[in-house]
Amino acid sequence: MADPVGLRRARTFVRGTLAVALAAVVTAFAPTAEAGAHTNPQWTECAGITDPELQCATVTVPLDHRHPRGRTISIAISRLPATDPARRRGVLLTTGGGPGGPGVPLPSTLAPFLSADVRAQYDLIGFDIRFVERSTPISCGQPVEEPAGYWVRTATPGSFAADSAEARQYAKDCERAARWALPYATTVNAARDMDFIRAALGEEKISYLGGSYAGMLGAVYAALFPHRVDRFALDSPVDPATIWRPFELARTPAFDRGFAELAGWIAQRNADYGFGDTAQAVTRAVSSLLDRARTSPIVIAGHPWTAGELGSLIVAGIYYEQYAGLIASALAAVAAGQEPFVPFPIRPVPPPGVAGVPADNHTAVNIAYRCADGPWPRDPRTYLRDLAAYGTRYPLFGPANANITPCAFWPPAMDHPAPPTPGQVSDRAPGVLVTAALRDVAVPLAVSRAVAARLPGSRLVTVDARTHAPFPYHGDACLNGAVNDFLSAGVLPASDLAC
């Protein structure tokens with residue numbers, strides 16, 4: 001699950017490979033932005049956003065960057081101007097995680113967490129990556145979003161044939177609804193779009209702040225356009241070298257460890273939640289609740305709680321330790337047949353006041369990028385073998401992480417990034433600041449550490465917590481200060497820093 005949490009700010013911020021930076025690729029694509037970008041964007045009010053200082057515009061980019069004079073699409077951008085024009089250094093770009101999370105609203109939500117020095121120096125620029133919300137949105141022809149905007153099916157005994165049929169049909173529906181876009185829904189193309197934004201804004205270089213998938217996008221941009229990189233802060237970035245199937249399988253143990261930690265926390269408060277006074281008892285009780293919902297949705301106050309929706313709540317709890325009580329209370333309420341309090345949407349919702357966003361846009365974008373970014377096994381027997389291995393060793397999350405997906409039946413993509421080549425990135429992009437949590441379940445620490453290692457001269461700042469993309473919402477003063485100091489002064493810590 002690249003970004004399966006619906007927490008409003010956390011999911012938004014935290015909703016190719018590094019080795020694609022061949023000199024020939026950079027030479028081929030960097031000048032394209034200069035030649036084709038429409039400079040001087042026309043700034044207007046942002047539909048559906050209440051911040052009067054935030055301005056919006058669009059940038060036109062090629063659908064296929066290898067054919068810049070062909071069909072074009074629109075990328076939505078937003079701007080919160082620097083507070084001190086005399087000190088203005090340039091632009092600080094940001095976008096949502098996922099893939100599938102919006103980025104246009106982010107300047108307004110991030111601004112309060114950035115230091116006065118950072119706000120003085122940068123125009124904050126948000127953007128929706130291609131095909132998300134305001135940026136030529138796509139659909140897979142479904143009437144609703146999946147829980148948390150992520151297509152996943154937990155395998156149960158005897159379910160594989162039905163799961164495969166559903167995945168195959170979903171892929172067919174996507175191809176029918178968005179065949180024109182699917183080959184171009186890749187992180188590499190989103191990075192090329194970023195360079196069109198840079199050129200449209202008239203900037204020689206850009207600074208960047210992105211978490212989770214957006215952190216990976218920043219790393220890919222740094223590989224493609226190292227000479228355009230100024231100050232990049234990548235928060236819990238996914239490693240482009242392992243996306244997506246290897247990454248999702250490899251983090252399965254972290255998911256189980258995260259749940260064990262959550263279950264232990266709930267067991268210590270059995271008087272509050274009633275799931276049992278040991279982690280094992282909590283695990284059995286929660287598993288039983290999920291099995292009940294798989295048999296038939298649990299209808300409470302007219303809402304049918306499905307196993308997928310309850311699973312997304314559980315994932316929120318293992319991603320973010322600060323929400324343990326909220327998630328435990330919600331699960332306990334459902335178990336008791338009472339309406340739970342959940343202060344965020346279980347399924348993504350379209351932006352208010354923005355017309356034309358399909359009902360399933362976030363899910364469609366998430367699956368499109370994941371399927372097209374890299375190769376997936378086409379033989380269903382591969383998934384059966386993975387299910388046997390991971391389902392036995394990791395019974396809680398193995399049956400979901402290892403199960404078949406629509407990517408097994410996806411139409412062939414045209415833009416897979418090149419495989420890694422040692423040393424390709426070395427000495428080309430400047431060092432970046434990477435931040436991470438030691439007990440991150442979504443993007444385990446080793447993954448973010450690998451991204452920092454692939455960009456020589458980078459520094460890693462960590463916080464001891466079970467959380468994801470800790471800047472800025474985890475609220476650690478040391479880590480937040482390190483990010484603000486780097487963006488403000490451009491000086492990386494002398495060595496890796498443990499907050």
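Student: Where is Thr136 found?

Tutor: This is a predicted model. In it, Thr136 is in the loop between strand E5 (122-127) and H5.

Student: What is phi of Thr136 near?

Tutor: Phi is near 45° for Thr136, a positive value in a residue other than glycine.

Student: H7, then. How do the axes of H6 and H7 cross?

Tutor: The axes of helix H6 (residues 187-200) and helix H7 (residues 213-224) cross at roughly 70° and come within 9 Å. That makes the two helices, H6 and H7, roughly perpendicular.

Student: Which residues meet there?

Tutor: On the H6 side they include Val188, Ala191, Met194 and Arg198. These and others in H6 meet Tyr213, Met216, Leu217, Val220, Tyr221 and Leu224 in H7.

Student: Back to H5. Why does its length agree with what it should span?

Tutor: Helix H5 (residues 160-178) has 19 residues, which at 1.5 Å a residue should span 27 Å. The end C-alpha atoms of H5 are 27 Å apart, so the two agree. The expected span uses one less than the number of residues.

Student: Which residues of H5 are buried?

Tutor: Phe160, Asp163, Ser164, Ala167, Tyr170, Ala171, Asp173, Cys174 and Ala178.

Student: What covers them?

Tutor: Helix H14 (361-373) and helix H15 (380-393) are among what covers the buried residues of H5.

Student: New topic, aromatics. How many aromatic pairs does the structure hold?

Tutor: The structure holds 15 aromatic pairs. In one of them, the ring centres of Trp244 and Phe247 are 6.0 Å apart and the planes are at 70°, so that pair is edge-to-face. Trp244 and Phe247 are both buried.

Student: What about Phe255 and Tyr319?

Tutor: Also edge-to-face, because the planes of Phe255 and Tyr319 are at 85°, with the ring centres 5.9 Å apart. Phe255 is in helix H9 (residues 252-267) and Tyr319 in helix H12 (residues 307-319), so this pair ties together parts 64 residues apart in sequence.

Student: Are those two buried or exposed?

Tutor: Phe255 is buried, at a relative accessible area of 0%. Tyr319 counts as buried too, with 1% relative accessibility.

Student: Which residues do ring pairs link into a cluster?

Tutor: The cluster is made of Phe255, Tyr319, Tyr320, Tyr323 and Phe397.

Student: H9 again. Which way do H9 and H11 run, parallel or perpendicular?

Tutor: H9 and H11 are roughly perpendicular to each other. The axes of H9 and helix H11 (residues 279-295) cross at roughly 105° and come within 8 Å. From H9, Phe259, Ala260, Ala263, Gly264, Ile266 and Ala267 meet Ala279, Val282, Thr283 and Val286 in H11.

Student: Now backbone. Which residue does a cis peptide bond join to Trp244?

Tutor: Ile243: the bond between Ile243 and Trp244 is cis, with omega about -15°. Trp244 lies in the loop between strand E7 (229-235) and helix H8 (245-250).

Student: And what is omega from Phe471 to Pro472?

Tutor: Omega is near -5°, and that peptide bond is cis. Pro472 is in the loop between strand E11 (459-463) and helix H18 (477-489).

Student: Last one. What does Ser448 touch?

Tutor: Leaving out residues up to four places away in sequence, Ser448 touches Ser236, Pro237, Val434, Ala436 and Val443. Ser448 lies in helix H17 (residues 445-454). Ser448 is buried, with 0% relative accessible area.

Terms used: Residues are numbered from 1 along each chain as its sequence is written. This is a predicted model: local features need pLDDT of at least 70, side-chain atom pairs count only at pLDDT 80 or more; totals for chains, interfaces and linings use all residues. Side-chain values use heavy atoms; hydrogens and water are left out. Rings of Phe, Tyr and Trp (its six-membered ring) pair if their centres lie within 6.5 Å; planes under 30 degrees apart count as stacked, over 60 as edge-to-face and the rest as tilted. Buried means under 20% relative accessible area, exposed over 50%, partly exposed in between (1.4 Å probe, protein chains only). Helices (H or I, at least four residues) and strands (E, at least two) are DSSP runs, numbered from the N terminus. Contact means heavy atoms within 4.5 Å. Axes are lines fitted to C-alpha atoms, for helices over the stretch in contact, and angles run from 0 to 180 degrees between N-to-C directions. Angles under 35 degrees count as roughly parallel, over 145 as roughly antiparallel, 65 to 115 as roughly perpendicular and the rest as oblique.
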